[in-house]
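Biologist: I am new to this model. Please pick out the sheet and the aromatic rings, and take me through them closely.

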Amino acid sequence: LRARPLADEHRKFRMNATADSVRAQTLLRTWDSQQTAYITDREARFEIVLDALAAVIESDSVVLDLACGPGSLTERILQRFESVRVVGVDYDPLLLELGRHALAGYGDRVTLLDVDLTDPDWTAALPHTEISAAVSSTALHWLSAPVLTGLYQDLGGLLPVGGVFLNADHLRFDDGRRLFSLLSDADDRRSQERGRTEGSLTWNEWFTAATEQGPWAKYADERTRRFANRPPNPDLSPDFHIGALRIGGFGEAGTLWQLYDDYVILAQK
C-alpha cells in the first residue's frame, strides 16, 4: 500500500470543493482540535491504528468505521491508503451530514450511513461488499455490556478470517488502583488545560458552532431527540472488551497501545 502525500490530498479536495464542503472541512479541523484536548497523543493513537491496518489490508480493501462521527479516523484512512474505501456508520445525524460535506472530495471512496449500533439488525444497513477490517475511535465506551458483546459477535461474523478490528478509546474504570486513577485524571486535566490555552473549543462550544450554519445544522433537533435518554457511560474495562472479542470469534485480542486510561485494542479473526 502506498501512502499519498497529505498536501496532494488537500489540493485534490480544494479543486472539487463547494462552499459547504470548505466550511465543513473547517469544522472538522476544529473538531479535531476539540477532541485532541480530551485525548493526549491523539495523533499517535491514530498512527498506531493506521500502522496496524497497513500490515493486514490490501489496496482494494473496504474498512468499516464504527461510530465514525464527522469522519476524523475515516479521513486519515483515506489519506494514508490511496485506493482503500471506507464505510462509516453513526447515529448522530448532524455529524454524519457534516462528514458527508467534509469528505466530499474523496468521492465514492467513502460512504457514511445512518446506523444505530444498539439495533440488533444494524449490519443490514451495510452495503453488500466484503469488509476487510473494522475500526472505531472514542465512541464504543458508551455502549452497555450486552450491546457491546452483541456488536463484537456481529463483527466476528462480518469479518473474514484474518480480518482485524481496532478500537481506540478511553476505557475508564474503577478497579481499585488509586495511583493509576490519580495519574490518569491528572493527564486528562493537563490535556484539557493545554487545549484551552491553545484555543480549542469545549464539546458544548463546538456543537454550538456547528449548529450556526451549514446544511448539517438542520439536524440539531433530531440529534437532541435521539440522544435525550442516553444511558451513562458503563465504564467497561479493557479486559471486558478483550474477553467479549474472543467470545465473538476473534482468536487474537489484546492491548496494542496504552497511555494511562487511553487504549488501542486489537483483535484478529
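Modeller: Two strands pair if DSSP finds at least two bridges between them. Helices (H or I, at least four residues) and strands (E, at least two) are DSSP runs, numbered from the N terminus. This is a predicted model, where local features need pLDDT of at least 70 and side-chain atom pairs pLDDT 80 or more, while totals for chains, interfaces and linings use all residues. Residues count from 1 along each chain as its sequence is written, and side-chain values use heavy atoms, without hydrogens or water.

Start with the sheet. Seven strands form an open sheet with mixed pairing, in the order E3-E2-E1-E4-E5-E7-E6. Its edges are strand E3 (110-114) and strand E6 (252-259), and each of these pairs on one side only. On average, neighbouring strands are turned by 15° against each other, direction ignored. (Axes are lines fitted to C-alpha atoms, for helices over the stretch in contact; angles run from 0 to 180 degrees between N-to-C directions.)

Strand E7 (residues 262-268) runs antiparallel to E6, and seven bridges join the two. Ala253 stands opposite Ala267 in E7.

Helix H6 (residues 145-158) lies across strand E1 (62-66), strand E4 (133-137) and strand E5 (164-170). Contact here means heavy atoms within 4.5 Å. H6 runs at about 175° to E1.

Next, the rings. The structure holds seven aromatic pairs. Rings of Phe, Tyr and Trp (its six-membered ring) pair if their centres lie within 6.5 Å; planes under 30 degrees apart are stacked, over 60 edge-to-face, and the rest tilted. One of the pairs is Trp31 with Trp206, edge-to-face, at 4.8 Å centre to centre and 70° between the planes. Trp31 sits in helix H2 (residues 19-38) and Trp206 in helix H8 (residues 203-210), 175 residues apart. Trp31 is buried at 7% relative accessibility, and Trp206 is buried at 0%. (Buried is under 20% relative accessible area, exposed over 50%, partly exposed in between, with a 1.4 Å probe and protein chains only.)

Tyr152 lies in helix H6 and Phe165 in strand E5, so the pair ties together parts 13 residues apart in sequence. Tyr152 is buried, at 0% relative accessible area. Phe165 is buried as well, at 0%.

Trp31 and Trp206 also belong to one aromatic cluster, with Trp203 and Phe207. Arg223 lies over the face of Phe207, 3.9 Å from the ring centre. (For this, NZ of Lys or CZ of Arg must be within 6 Å of the ring centre and within 35 degrees of the ring normal.)
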